[in-house]
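Hi everyone, and thanks for making the time.

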Amino acid sequence: MDLDQKISVVHGRENELAKDIAAEIMRKYENRLLRRYVSDLCLPSEESEQIYLLAAELLTPADDDEELQGYWEQRLEMISAPIEDCLKRIDFIIPRGVLNFLCGIYRSEICAVAMAAAELIAEERHGDLCCLIANEFIERRKHRLGSKLIAVHLVIDEDTMSLYNGSWHEITDEYSAYIPPEDRRRYSRSDLVLSAMVDIAPRSIYVYGGEKNLKMLRRIQLMFSGVMVQ
């Protein structure tokens, strides 16, 4: 599809055309948008590249990663829904203009991913969240066997989180107990929850209340696989 060429609208088939345009925009422009938003953070080039690679992992799902495939489809809908609504009122469209005038929610989402990745890199650099390093992060994105718990329940509130096992017993302190007391005082409750989740490395994470703190939800999705929003 040539995004600079005018396309006639066949009324009654707006949904199909909207999804085709949205998919082409994502294919051609998503990485460019991500690069732009990472660049806007005005960080050193080496750090910016780390942030870009980390964020790109979330935006580029493997064929067998159902969770990230689902996130790809959500982003597709962020673009296609306003396009479809617009197509019902017009007879032709130039797809390139869509990115500038109909994709505000989508662009904000890509910006949020870049910022979440930047925060994770910063926390890694300063030793927060169990001194995460890039290789450890990549390992957590892979399917693991022998987990201490197969699944956990994560409840997100506006400014904190709580972690539970399959029987709905709170387990944050149990699995973050390895952190020295002097360090625990520097951690927020959310930091301790994330530390416990790193220790457990569960195969499945059932998240509740993610809409109350989308920034934290995106962080969880960046850090772990098997995230299922309830």
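This is a predicted model: local features need pLDDT of at least 70, side-chain atom pairs count only at pLDDT 80 or more; totals for chains, interfaces and linings use all residues.

What does Arg 75 touch, if we leave out residues up to four places away in sequence? The list is Met 26, Glu 30, Leu 58, Leu 59, Tyr 106 and Ile 110.

Now let's step back to the whole chain. The protein chain has 11 helices and 6 strands. Of its 230 residues, 46% are buried. The accessible surface comes to about 12200 Å², and carbon and sulfur atoms account for 51% of that. Here is one more number for the chain: take the contacts between residues at least 6 apart in sequence, and 66% of them join residues at least 24 apart.

Next, the sheet. Four strands make up an open sheet, in the order E4-E3-E5-E6, and the pairing is mixed. At the edges sit strand E4, residues 161-164, and strand E6, residues 227-229, each pairing on one side only. On average, neighbouring strands in this sheet are turned by 25 degrees against each other, ignoring direction.

Let's look at strand E3, residues 151-156, which is joined to E4 by 4 bridges, with the two running antiparallel. E3 and E4 form a hairpin, and 4 residues lie between them. If you want to trace the pairing by eye, Ile 156 has Met 161 in E4 as its bridge partner, and His 153 has Tyr 164. E3 is also joined to E5, this time by 5 bridges, and those two strands run parallel. There, Val 152 is partnered with Ile 205 in E5.

What lies across these strands? Helix H10, residues 189-200, lies across E3, E4 and strand E5, residues 204-208, and runs at about 30 degrees to E4.

H10 also has a helix partner to look at. When two helices pack, we describe them by the angle between their axes and the distance between the axes. The axes of H10 and helix H11, residues 214-223, come within 12 Å and cross at roughly 20 degrees. Angles under 35 degrees count as roughly parallel, so that is what we call H10 and H11. Their crossing is right-handed. As for who meets whom, Ser 190, Leu 194, Met 197 and Val 198 in H10 meet Met 216, Arg 219, Ile 220 and Met 223 in H11.

Finally, a look at the backbone. Most residues other than glycine have a negative phi. Ala 201 has a positive phi, near 50 degrees, and sits in the loop between H10 and E5. Ala 201 is buried, because its relative accessible area is 10%. Cys 42 also has a positive phi, about 55 degrees, although it is not a glycine. You'll find Cys 42 in the loop between helix H1, residues 14-39, and helix H2, residues 45-59. Is Cys 42 buried or exposed? Its relative accessibility is 66%, so Cys 42 counts as exposed.

Technical notes: Residues are numbered from 1 along each chain as its sequence is written. Side-chain values use heavy atoms; hydrogens and water are left out. Two strands pair if DSSP finds at least two bridges between them. Axes are lines fitted to C-alpha atoms, for helices over the stretch in contact, and angles run from 0 to 180 degrees between N-to-C directions. Contact means heavy atoms within 4.5 Å. Buried means under 20% relative accessible area, exposed over 50%, partly exposed in between (1.4 Å probe, protein chains only). Accessible areas come from the Shrake-Rupley method with a 1.4 Å probe; for residues, only the protein chains shown count as cover. Angles under 35 degrees count as roughly parallel, over 145 as roughly antiparallel, 65 to 115 as roughly perpendicular and the rest as oblique. A crossing is left-handed if the near helix is turned anticlockwise from the far one by less than a right angle, and right-handed if clockwise.
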